[in-house]
Amino acid sequence: MSGPALSPGDGLLERVRALRAAPDAIDGGLGRALGSSDDALILYEAGRLLEGVTATRLTGIPGKRSSPLRVAVAATFTADGVVPLLRATLLSGGIDADIHLCPYDRLIVELTDPRSGLAEFRPEVTLCLQDSSALLPREWDPSDLEGTRAVLRELTEAVISAVAAYAERTGSAVLLNTVPLPRADRGGIVSFRSAATLGRIWRETNIALLEAGESRDGVYTADLETLLADVSGPLRDERSYRFGRMAWTPRVELAYAREAAAFCRAVTGRGRKVLVLDLDNTLWGGVLGDDGPAGIELGTVYPGDCYTDLQRRVLALRRQGVLLAVCSKNDRTLVETVLSQHPDMVLRPDDFVAVIADWERKDLHVASLAEELNLGLDAFVFADDSPFECGMVQDSLPQVDVVRLDGDPAWHSLKVLDRARFAQLGSTATDSERTSLYRGRRERSRFNAAHTSTEDYLRALGIRVTVGPANDYTLPRLIQLELRTNQFNMTGRAHGEARTRQFAASADHAVLAVEVSDRFGAEGVVGGVWLDRGERGWVIRNFVLSCRVLSRGVEQAVLQYIADRARQAAAVLLEAHFRPTERNAPAAALYPATGFVRLGDASGDWSEDGGLTRYAARLDDLPVLTPDWITLAAKEATEHV
Amino acid sequence: MSDVLSTLRTLVGRVTQRPADRLESESRLAGLVGWGSLAAMHLLAAVEQTYRVQLDLRSYMRFETVGELAAEISNLLAAAPPEDAG
């Protein structure tokens with residue numbers, strides 16, 4: 001008899017081998033191809049082959065970070081299979097990573113021992129994979145479920161406190177997971193009453209893990225138990241488990257790896273920020289120009305309900321901080337009528353930062369929208385039902401994440417709502433107001449065009465800069481901002497959540513929040529400063545500012561605030577750190593231009609570590625820095641400084 | 001060469017990272033660089049996924065050569081031809 005044909009995955013592996021064999025080769029579509037494959041065995045082999053290959057070669061997009069992301073995998077079972085899957089998934093999403101696998105079943109020791117291999121690896125992301133064997137005693141007694149419950153509780157609390165202490169000590173972002181109960185353990189229960197009790201106490205365990213991910217600093221939880229609803233096949237293969245303590249089948253490992261990669265995206269601030277949507281056959285069914293406003297499909301009956309559902313999902317994204325824009329080849333007046341008047345529209349004109357409806361090229365529109373909003377193209381998602389438009393945007397703007405909404409509209413929502421796409425660690429107050437913030441930014445750029453001299457324009461803006469110590473409300477935003485800011489980021493590095501919170505609470509350090517408002521409205525928290533406060537001198541360890549407020553003198557005003565406070569504290573010297581990265585050229589000029597003197601660089605004696613340049617100024621020598629068009633205000637509500 | 005053997009050589013090549021044409025029916029699995037318990041479990045999963053058969057781990061672990069494993073797969077396929085292979 002004839003053997004079955006090999007899977008299409010072998011073609012994928014051929015491409016991976018070819019890429020690996022030619023060190024200068026680039027296969028820009030390979031990342032996308034890997035991302036859309038669900039064959040865990042193929043992706044596992046691809047991940048093994050891709051060790052040492054950079055993401056740029058799979059995506060065709062230049063890398064953002066100078067060093068790979070350090071990711072540790074610490075598991076209570078044999079999780080070796082997760083590592084290649086994680087590598088393949090991260091690379092396909094454009095993230096280079098060094099992945100460290102801890103010895104199996106030493107999770108607590110690795111977390112608590114400051115000299116463990118895990119501690120020495122100094123991961124930015126620590127994945128703590130747990131299976132039921134870590135929590136459920138092998139000899140658990142179905143006739144004493146209350147006793148089992150007590151043990152579960154104790155072990156779960158032990159893990160959570162070890163993880164929380166580790167996150168605080170190291171500043172690493174930690175991912176826990178909810179633990180699915182294997183069939184063998186469920187099957188051992190005879191009575192329906194006891195099965196319900198076991199289900200309940202097991203859920204209590206998972207709820208404790210989820211609560212840790214809701215509230216503990218630096219600790220997050222992947223809900224693996226829920227992810228399994230979309231994985232075909234069993235949680236574990238009893239043969240692999242008995243033979244080698246492999247607790248997850250490759251498909252489960254892949255589902256986990258994808259969630260973990262989404263977490264890494266969130267940690268590195270790579271979640272997308274703007275969703276650009278087509279209209280005809282995307283946000284509604286039919287063609288507006290042909291069918292008319294009354295003829296388009298929306299509402300409660302298939303296929304109209306698919307489009308209505310997509311609109312609801314997209315509105316939910318908007319409420320979580322994703323910016324929405326329309327880019328449609330359409331008649332503008334008709335579009336405006338439908339957006340504001342059609343009774344079945346969920347999305348309304350105010351939900352969008354921009355509504356573009358004309359007959360120009362969409363790739364040009366997306367590019368100019370990026371410029372107007374002052375966001376990188378790698379923040380953009382483009383969703384369209386036309387393969388032509390999708391192909392054009394993909395070709396001309398490879399950084400844009402293109403979602404092809406051809407085919408049955410029942411799939412539209414799921415295609416747009418990929419977990420990794422818009423991934424964020426937490427939500428901040430600014431997220432929910434972002435649409436109006438950015439609409440203000442577009443108005444500013446029009447206002448800008450109406451004023452001839454820059455200084456006239458800036459004076460007319462009435463800019464107010466408020467600086468003060470971080471508080472509970474501004475800290476999440478500052479942590480997020482330091483991660484996300486690439487251009488005006490003095491060192492290109494982030495302190496992370498745990499260290500930032502320590503800095504904010506310490507008398508020897510400070511974290512400052514910078515807020516900017518002008519006649520168009522408040523921008524919210526747009527900048528942060530991480531400081532050492534020594535007796536004689538203060539050190540600006542990092543200073544980040546959102547690029548949307550650059551070139552208005554805000555950065556000088558912030559330095560003024562710091563200098564004023566340092567003088568009040570009787571310091572005489574202000575020092576500042578700078579480390580050049582691929583993207584932070586806009587920040588390089590600030591210290592030299594404001595009277596700071598360079599003390600030394602990477603090759604000099606003064607450098608602390610790679611590439612760091614130290615600047616210093618005597619506080620007596622510093623001139624007035626705040627430009628005359630800015631009002632600088634101090635916000636000292638919670639007095640630390 | 002049988003089709004099963006030809007496909008199996010590709011699968012073994014996958015998990016041990018070598019071209020299929022460098023594997024023979026007589027190639028000893030334990031002698032291949034890259035062979036180990038993880039490679040063995042991934043080969044097992046790949047064989048079972050490709051042929052929709054299930055092997056007994058005890059007999060699987062006794063097979064020494066690519067050819068022996070191919071013969072076992074052929075036997076399983078002959079005993080219960082899967083309806084949806086391919």
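Predicted model: local features only at pLDDT ≥ 70, side-chain atom pairs only at ≥ 80, totals over all residues.
1. Strand pair S7(A)/S8(A). Strand S7 of chain A covers residues 323-329 and pairs with S8(A) in the parallel sense, over six bridges. At one position of the pairing, A:Lys329 stands opposite A:Asp358 in S8(A). Strand S8 (residues 352-358) of chain A is mostly covered, with six of its seven residues buried.

2. Helix H5(A). Helix H5 of chain A runs over residues 82-92, and eleven of its eleven residues are buried. The buried set includes A:Arg87, A:Thr89 and A:Ser92, along with A:Val82, A:Leu85 and A:Leu90, among others. After H5(A) comes A:Gly94, with a positive phi near 85°.

3. Salt bridges, overall. The count over all chains is 35 salt bridges. Side chains of opposite charge can pair when their charged atoms come close.

4. A:Arg15 and A:Asp27. The side chains of these residues meet in a salt bridge, at 2.9 Å from N to O. A:Arg15 belongs to helix H1 (residues 9-21) of chain A, whereas A:Asp27 sits in the loop between H1 and helix H2 (30-35) of chain A, so the pair ties together parts twelve residues apart in sequence. A:Arg15 counts as partly exposed because its relative accessibility is 32%. A:Asp27 has a relative accessibility of 19% and therefore counts as buried; the cut-off for buried is under 20%.

5. A:Arg200 and A:Glu204. Here the salt bridge has an N to O distance of 3.1 Å. Both residues lie in helix H10 (residues 192-215) of chain A, four residues apart, which is about one turn of the helix. An α-helix has 3.6 residues a turn, so residues three or four places apart point the same way. A:Glu204 is partly exposed at a relative accessible area of 28%, and A:Arg200 is partly exposed at 39%.

6. A:Lys362 and A:Asp278. This salt bridge is also listed at 3.1 Å, N to O. The pair links distant parts of the chain, 84 residues apart: A:Lys362 is in helix H17 (residues 362-373) of chain A, and A:Asp278 is in the loop between strand S6 (274-277) and helix H14 (288-291) of chain A. Both A:Lys362 and A:Asp278 are buried. Elsewhere, A:Glu146, A:Arg149, A:Arg200 and A:Glu204 are joined into one network by salt bridges that share partners.

7. Interface, extent. Contacts between the chains involve 24 residues of chain B and 24 residues of chain A. The two chains bury about 2300 Å² between them, 64% of it on carbon and sulfur atoms. On the chain B side, B:Arg14, B:Gln17 and B:His42 lose the most area to chain A, together 30% of what that side buries.

8. Two salt bridges are counted between chain B and chain A. A:Asp10 and B:Arg14 meet through their side chains in a salt bridge of 3.2 Å, N to O. The count of residue pairs in polar contact between chain B and chain A is five, with both residues at pLDDT 80 or more. Helix H1 (3-16) and helix H2 (37-51) of chain B each supply at least two residues of the side that touches chain A. H2(B) gives the most to that side, with eleven residues.

Conventions: Residues numbered from 1 in each chain as written. Chains lettered and ligands numbered in written order. Heavy atoms only, no water. Buried < 20%, exposed > 50% of the residue type's maximum accessible area, 1.4 Å probe, protein only. Pairing = 2+ DSSP bridges. Salt bridge = Lys/Arg side-chain N within 4 Å of Asp/Glu carboxyl O. Contact = heavy atoms within 4.5 Å. Buried area = accessible area lost by both parts, 1.4 Å probe. Polar contact = N/O pair within 3.5 Å; in protein donor to acceptor, adjacent residues only side chain to side chain.
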